[in-house]
Amino acid sequence: MPNMVIMVMPDGTKGQAVLDAWEQCGVSGVTILDSMGLHKLKQMRAVRDDLPLLLSLRHLLEGEEQHHRTAFTVVEDDFDLEGL
């Protein structure tokens, strides 16, 4: 059965290094998403209490840029997960 590997990177500047390392281990494809955790959302709500729980695109574009990234990939069952 295939395995999904998920990595949350709070420092998006190191994303390319992570992707290079995964590729050297044999990962052939990775999906990367901008992400924000509950802690950051609560911080934003403390500053602006008019923000809804689920932010709209307009609110995201008006706010400060987030540098968190979530990367995930699916690897075959025989893949060496310890090598990642």
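Colleague: Which residue forms a salt bridge with R69, and how far apart are the closest N and O atoms?

Modeller: D34 is the partner of R69, and their closest N and O atoms are 3.0 Å apart. A salt bridge here is a Lys or Arg side-chain nitrogen within 4 Å of an Asp or Glu carboxyl oxygen. This is a predicted model, in which local features need pLDDT of at least 70 and side-chain atom pairs 80 or more, while totals use all residues. Residues are numbered from 1 along each chain, and side-chain values use heavy atoms, without hydrogens or water.

Colleague: Good to know. How many salt bridges does a search of the whole structure find?

Modeller: One, so far as a search of the whole structure goes. D34 lies in strand 2 (residues 31-34) and R69 in strand 3 (residues 69-75), so the pair ties together parts that are 35 residues apart in sequence.

Colleague: And D34 itself, buried or exposed?

Modeller: D34 counts as exposed because its relative accessibility is 61%; the cut-offs are under 20% for buried and over 50% for exposed, with a 1.4 Å probe.

Colleague: What about S35, where is that found?

Modeller: S35 is in the loop between strand 2 and helix 2, which covers 38-47. Setting aside neighbours within four places in sequence, S35 is in contact (heavy atoms within 4.5 Å) with H68, R69 and T70. R69, then, is a contact of S35 and the salt-bridge partner of D34.

Colleague: Let me step back. What pattern does the chain follow along the sequence?

Modeller: Read along the sequence, the pattern is β-α-β-α-α-β. That gives three helices and three strands, taken as DSSP runs of at least four and at least two residues respectively.

Colleague: Which residues make up the largest nonpolar core?

Modeller: There are eight: V5, M9, V18, W22, V27, A71, V75 and F79. In a core, buried nonpolar residues are joined through side-chain atoms within 4.5 Å. Strand 1, helix 1 (15-24) and strand 3 each give two or more residues to this core.

Colleague: How much of the chain counts as buried?

Modeller: Of its 84 residues, 20% count as buried.

Colleague: Back to strand 1. Is I6 buried or exposed?

Modeller: I6 is found in strand 1, and I6 counts as exposed because its relative accessibility is 53%. V5 and M9, by contrast, are among the residues of the largest nonpolar core.

Colleague: Last one: among contacts between residues at least 6 apart in sequence, what share joins residues at least 24 apart?

Modeller: That share is 76% in this chain.
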